[in-house]
Every structure is written in C-alpha cells, then in structure tokens.
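Dear colleague,

I am handing over the structure below, and I would be grateful if you could look through it alongside the notes that follow.

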Amino acid sequence: MTTELFEYLLRLGDNSLVLGHRLSEWCGKSPILEEDIAISNTALDFIGQTQLWLGLAATVEGQGRSADDLAMLRDVWDFRNLLLVEQPNGNFGETIMRQYLFDAWHVLLLDGLTRSHHQEISAIAQKVVKEVRYHIERSRDLVIRLGDGTPVSHEKMQIALDRLWPYVGEMFDVDPVEHTLIEQGLIPDTSTLRAAFDAEVLKTFATATLTLPSSNFAHLGGKSGKRHSEHLGHLLTQMQWLQRAYPGATW
Amino acid sequence: MTEPKAPEWPLWEVFIRGQHGASHRHVGSLHAPDAEMAIKHARDVYTRRKEGVSIWVVPTTAIAASNPDMKGPLYDPSDSKPYRHPTFFDIPKEIGTM
C-alpha cells in the first residue's frame, strides 16, 4: 500500500510542479501586465501545492528524501505527471485551454480527496481546493471570452481544444495503483468524475462557441511514467539545472 | 507577421475595503476590457495578502477631479480655522470612538 500511496502522491505533486513551472514560463512575457500577474499567481499556487504533496510523498516514502530532492533530483522516467500538463505553452489561448481542461478535472478530484480516509491527504485537499475553485473561475471565463471573441481568437481556441483534447482521457484512466487506493477509501474513483467533467466542459464550450472533437482517443503514459512526451525532458533541464550544476546550493 | 496593434484596454480605478465596517479605499489602477475582468485582475493584483473583503472598480474616465489651478480659492479659506476640527467638542463616553 505504501508503494502505491507514494506513487499516487508523486502524481499529485508532479502535476502541480510541472504545470506550475509551465505557467511560470509566462512570467514577464504575458500579453498584458495584469494577465502576467494573474498567471504568475496561479503558478505560485501550484508550486505551493507541490510542496505539500511532495512533502507528504517524501514522508510516506521514509527514505530521508525531501520535497526538494523529489522535485529537483529525479529524471524524466521518475516523473508521474499527466501528459497534459507537460505540453508546451504554445500561444496564450493554448495555455488557457490546457489550464481549463486541467482545472475542470482538478477541482472535482480535490473535492473527492477532501473526503479521503487519509488525514493528511484530506487536510491538504481542503486547503488546496480553495485555490483551485478560483483557478477554474478564471480559466473558464477566459475560454469563453476568447472562444466567443474575435474570429482570430475563436480559431486559436478551437485549434487549442483540438490539439489538447486527446490528453483529457488520461485524467480519468484508473490503473492498478489507483484501484488499490480507491479500495482503501484513500482517493476518489476518478472514472466516476467523468460525467461531471463532461457536463462542465460541454456547457463552457457551448457558450464559447467551440466544437468538442468527436474522438475520445486518449494518449496515456504520463502518470505511469512509461511514455512521457519529448517536452518533459526539456522542461526539466530548465527547471533543475541549478541543482544539477551546483548540488545542494541554497540561498 | 505583424498583426495590427489592438487598442489598449480601458483603465479602471480600484477600491478595496479592508474589513467589515471600514470604507473602500483607493489602492491603484489597472487595465481590463470590462468590469468583471477588472475585478478579477484587482483580486490578483491587490488582494494577494488578504488585504480585502470587497472590491470596487470604477472606469477612470468616470472620475471627475478638482482642478489643481483652483487650489487657492478651494482650500485657502479653511486656513487658520482649527475650531472646525471636532476635537473641540467633548464626546460623551457612551458614544465611544467616532
């Protein structure tokens, strides 16, 4: 059970870490100052969440590693994040679409995790879900504004949705690791969240005048660590270079 | 590839109420396409450290300001009239702080 729990906490922590890093790549480069501040705020929320999840993962593992060790000293094959969050930022609309798809799942998952029989998981989820409820307010609003905006913004959002939709399925894929934890009452069964997710996104995309892709084909291999996309390695070289070049550096 | 430069978003003045009972205070300004986005941006720019429980945004163009050249006629007449301060009055204890 400990192995599965550690594995699952890595998934939660790595999702936050990788997505938080991706969002931080916009810092200083967003289309407008106010969005720059908003997106950097969100990035910081995710890095805060990472400290909580990876901190708990390190405790559960009990090998003397810290959250920082897990974040900075693992390589691509050790990462357990969803393929969705490691996708490059693309244009601003693509970043917002990636964020919305993630947020729509994330808020449901965290809501379920607040009822975990594991005390620390439940406590972290209760803290984190407050931030995430705002994240989805923001990303949903922007998807609608850009989708139902100008012909140019509409086209960019439709392209973003078509490109990112195949990464949605992985969020609802339940594997043996999750099965074990579901049976223990530690985590919600993510496959049961799909209906609520579909209802949320269908409503938003209808308002945003966007068309849902007809295929539900799903890329898998991120959260199992078996097949990350080529993008994750590049992200890690940026994120981890300081600790790799100057091991143990602090300030 | 150069796209035509979009016109800048309008400017909004932001007012935050720090706690229940206190009045909204001007904290700064920001750009946003409409009031709803202005409130969201204000939340991200001005309330990250729990500064507020309520946000007002007002289009900057809706604010009428006094003319700096009129400083003399407007404010000079209240020079040397300290008796206009309420400190000259005794406030009964039961009233408390005003």
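A polar contact here is a pair of N or O atoms within 3.5 Å, where within protein one must be able to donate a hydrogen and the other to accept it, and where residues adjacent in sequence count only if both atoms are side-chain atoms. The model is predicted, with local features needing pLDDT of at least 70, side-chain atom pairs counting only at pLDDT 80 or more, and totals for chains, interfaces and linings using all residues. Residues are numbered from 1 along each chain as its sequence is written, chains are lettered from A and ligands numbered from 1 in the order in which they are written, and side-chain values use heavy atoms, with hydrogens and water left out.

In chain B, His24(B) is placed in strand β2, residues 24–31 (strands are DSSP runs of E, at least two residues, and helices runs of H or I, at least four, numbered from the N terminus). The side chain of His24(B) makes a polar contact of 2.7 Å with that of Ser54(B) and another of 3.3 Å with that of Trp56(B). His24(B) counts as buried because its relative accessibility is 15% (buried is under 20% relative accessible area, exposed over 50%, partly exposed in between, with a 1.4 Å probe and protein chains only).

In chain A, 19 of the 23 residues of helix α1 are buried, so that α1(A) is mostly covered.

Finally, Arg43(B) lies over the face of Tyr134(A), 3.4 Å from the ring centre, and Arg74(A) over that of Phe79(A), at 4.3 Å (CZ of Arg or NZ of Lys within 6 Å of the ring centre and within 35 degrees of the ring normal).

Best regards
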